[in-house]
Amino acid sequence: WLLLYRRADCIACDRLMSVLAANGTAAPNNGQPYVILVGGKQPNGLETVRARYATLGDATWLADRDNRVFAALKPPGAPVLYGMDGTSIAWTMPGNLGDPARIATMAAGWLAAPTGPANNASPLGPSAASGAK
């Protein structure tokens, strides 16, 4: 599965999410394979971002208003896409590299890889794992 950490007011984040939202191969399926985490103290940041990306509406959306997740993950900036293997981070890709399409291709390849029982464990519970990395 994929974890995308982004800020509410972030042009590079919007560019990456637009490509991910348009990529049918990597489209979310009932909350999987995406968990989208919106960081920042904007009161309606999560709701504002979610409204802009209707095709990602099935993703699991979370807010990091107090920056606890940011402190734990220590992303080098925003956005950052994490390829998750169960509860472990398998790889990290900064999303501000200037080529969001390449990152979307990597995400689609990661999601298409075969999964085993260990890969289905998600920190969000069984409904969030639903057979995808």
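Predicted model: local features only at pLDDT ≥ 70, side-chain atom pairs only at ≥ 80, totals over all residues.

Visitor: Where is the confidence lowest, and where is it highest?

Guide: Helix 5 (residues 126-129) has the lowest confidence, with a mean of 37, while strand 1 (residues 2-7) has the highest, at 94. Across residues 116-133 the pLDDT is below 50, and this stretch has 45 contacts in the model beyond near neighbours in sequence.

Visitor: Okay. How many helices and strands are there?

Guide: The protein has five helices and five strands. Starting at the N terminus, the order is β-α-β-α-β-α-β-β-α-α.

Visitor: And how much of the protein is buried?

Guide: Of the 133 residues, 45% are buried. In strand 1, five of the six residues are buried, so that strand is mostly covered.

Visitor: Which way do strand 1 and strand 4 run?

Guide: They run antiparallel, joined by four bridges.

Visitor: What about strand 4 and strand 5, how do they pair?

Guide: Strand 4 (residues 80-85) and strand 5 (residues 88-94) pair in the antiparallel sense too, over six bridges. Leu81, for instance, has Met93 in strand 5 as its bridge partner. The two strands form a hairpin with two residues between them, and Gly86 in the turn has a positive phi of about 70°.

Visitor: Which residues other than glycine have a positive phi?

Guide: Asn67 is one of them, with a phi of about 60°. Asn67 sits in the loop between strand 3 (59-64) and helix 3. Lys74 also has a positive phi, near 50°. For comparison, most residues other than glycine have a negative phi.

Visitor: Is Lys74 buried or exposed?

Guide: Lys74 is exposed, with a relative accessible area of 64%. You'll find Lys74 in the loop between helix 3 and strand 4. Pro79 is found in the loop between helix 3 (68-73) and strand 4 as well, and the peptide bond leading from Ala78 to Pro79 is cis, with omega near 0°.

Visitor: Switching topic: how many disulfides does a search of the whole structure find?

Guide: The search finds one disulfide. It joins Cys10 to Cys13, with an S to S distance of 2.3 Å.

Visitor: Why is the disulfide called right-handed?

Guide: Because the torsion about the S-S bond of Cys10 and Cys13 is about 75°.

Visitor: Are those cysteines buried or exposed?

Guide: Cys10 is buried, at 12% relative accessible area, and Cys13 is buried at 1%. The cut-off for buried is under 20%, so both values qualify.

Visitor: How many cavities of 30 Å³ or more are there?

Guide: A search of the whole structure finds one. About 40 Å³ of space lies in the largest cavity.

Visitor: What lines the largest cavity?

Guide: The lining is Ala8, Val38, Gly39, Gly40, Gln42, Gly45, Leu46, Ala63 and Arg65. Strand 2 (31-39) and helix 2 (45-52) each supply at least two residues of that lining.

Visitor: Tell me more about Val38. What is it in contact with?

Guide: Val38 is found in strand 2, and at 3% relative accessibility Val38 counts as buried. Leaving aside neighbours within four places in sequence, its contacts include Arg6, Ala8, Leu46, Val49 and Trp61. The C-alpha atoms of Val38 and Val69 are 9.9 Å apart, and the two residues are 31 apart along the chain.

Visitor: What share of contacts joins residues at least 24 apart?

Guide: Among contacts between residues at least 6 apart in sequence, 68% join residues at least 24 apart.

Notes. Residues numbered from 1 in each chain as written. Heavy atoms only, no water. Disulfide = S-S within 2.5 Å. Buried < 20%, exposed > 50% of the residue type's maximum accessible area, 1.4 Å probe, protein only. Pairing = 2+ DSSP bridges. pLDDT = per-residue confidence, 0-100. Contact = heavy atoms within 4.5 Å. 1 Å grid on protein atoms, 1.4 Å probe; cavity = no way out; pocket = protein on both sides within 12 Å on 5 of 7 lines; lining within 4 Å. Points joined across faces, edges and corners; volume = space filled by probe spheres on them.
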